[in-house]
Amino acid sequence: MADSPALDVLLPLDSAVRHLAPREDEAELAALFTDGPAGGVHVRANMVSTVDGAATGADHVSGSINGPADYRVFRVLRALADVVLVGAGTARAERYPPLDVPHGLRAVRASLGLPDQLELAIVTASGELPDSLLDTDRPPLVLTTGSAPSLDGLRSRIGADRVVVADGGLPGAVDPRAVVAALAERGLSHVLAEGGPTLLAQLVDADLVDELCLTWSPQLVGGPAGRVTHLPTWFTPARSLTLAHLLHADGVLLGRWRVARLGA
Ligand SMILES: NC(=O)c1ccc[n+]([C@@H]2O[C@H](COP(=O)([O-])OP(=O)(O)OC[C@H]3O[C@@H](n4cnc5c(N)ncnc54)[C@H](OP(=O)(O)O)[C@@H]3O)[C@@H](O)[C@H]2O)c1
């Protein structure tokens, strides 16, 4: 925890600024993220952006635009999830390993009745996932289509029970609603969507996201990087967000917004 910064609570404005010093168990910080409605499925997205809106830096991954404050919240949000959900583009680009509950955070997780193991779920049409994820004793859940060329290969490689066909309306594409429903069927109802922009946009468009945690990194990077949502069409209607809190450390702003669900 030595390189973890203290976080200032800037909002809500009706509370005095508090400083959340790093703590081994992160109980205070976790409490800021555990006031959601009890029961049911909850989808929380966690992303990082530069101040000029880029979802990556020049390295084409998020590693160059995040930092210790973002990492503090990132770890806590993982500890509060049953499953981390990503698109295959993110799993490949960010070199996702099999996931463990972040060190020191098992107690906060247990206090909320969450299971010992943190699952990783990956959405893919191609089935092209890194060997390092598939050839382990803890492979991810793979959510794919019935027409995926590698369907049989995936089933024999990681076990048929780890491969979920989640077809929807569009041929060759996984239906985000079927993804969230399939996770919930497995008891994975606290979903942490870590992107990428393509999958997150579909989750929002399908009215599945309850909450967005977004870190603004105090950088301008220019370049061709996309934003944290990527969809060829506009969200119709645009989704309204309500700010739940805003944290700050060394110029990094970390917001938590509730997303208005159209169906609510
Ligand atoms: N700033 C941040 O917080 C953040 C977070 C995550 C990622 N990133 C960055 O974002 C970039 C990746 O962006 P991305 O938009 O390509 O990521 P992505 O959404 O993680 O991956 C896109 C891939 O996911 C699969 N996929 C998504 N929706 C699908 C659907 N409905 N049906 C079937 N498959 C589907 C496809 O995989 P297949 O190609 O295998 O079919 C697709 O090519 C990387 O540079 C990464 O570093 C940034």
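Glycine 196 is located in the loop between strand 8 (190-193) and helix 8, where helices (H or I, at least four residues) and strands (E, at least two) are DSSP runs numbered from the N terminus. The peptide bond that leads from glycine 195 to glycine 196 is cis, with omega near -5 degrees. The model is predicted, local features need pLDDT of at least 70, and side-chain atom pairs count only at pLDDT 80 or more, whereas totals for chains, interfaces and linings use all residues. Residues are numbered from 1 along each chain as its sequence is written.

Gly195 and Gly196 also belong to the surroundings of the ligand, being listed with Gly87, Gly89 and Thr198 as the closest of 30 residues; a residue is near a molecule if its C-beta atom, placed from the backbone, lies within 6 Å of it. At least two residues of this shell come from each of strand 3 (42-50), strand 4 (83-87), helix 3 (88-93) and helix 8 (197-205). The shell comprises 14 nonpolar, 13 polar and three charged residues, with Ala, Val, Leu, Ile, Met, Phe, Trp, Tyr, Cys and Pro counted as nonpolar, Asp, Glu, Lys and Arg as charged, and the others, Gly among them, as polar.

Threonine 50 is part of strand 3. This threonine 50 is buried because 22 other C-beta atoms lie within 10 Å; the class requires 20 or more, exposed residues have 12 or fewer, and partly exposed ones fall in between, with C-beta atoms placed from the backbone. Contacts of threonine 50, not counting residues up to four places away in sequence, are made with Ile65, Ser217, Gln219, Leu220 and Val221, a contact being a pair of C-beta atoms, placed from the backbone, within 7 Å. Threonine 215 is 165 residues away from threonine 50 in sequence, yet their C-alpha atoms are 8.1 Å apart.

A further cis peptide bond joins threonine 236 to proline 237, with omega near 0 degrees. Proline 237 lies in the loop between strand 9 (211-217) and strand 10 (241-249).

Positive phi values in residues other than glycine occur at aspartate 207, near 65 degrees, and at aspartate 250, near 50 degrees. Aspartate 207 is placed in the loop between helix 8 and strand 9, and is partly exposed because it has 17 C-beta neighbours inside 10 Å. Aspartate 250 occupies the loop between strand 10 and strand 11 (252-259); having 12 C-beta neighbours inside 10 Å, aspartate 250 therefore counts as exposed.

Technical notes
Contact = placed C-beta atoms within 7 Å.
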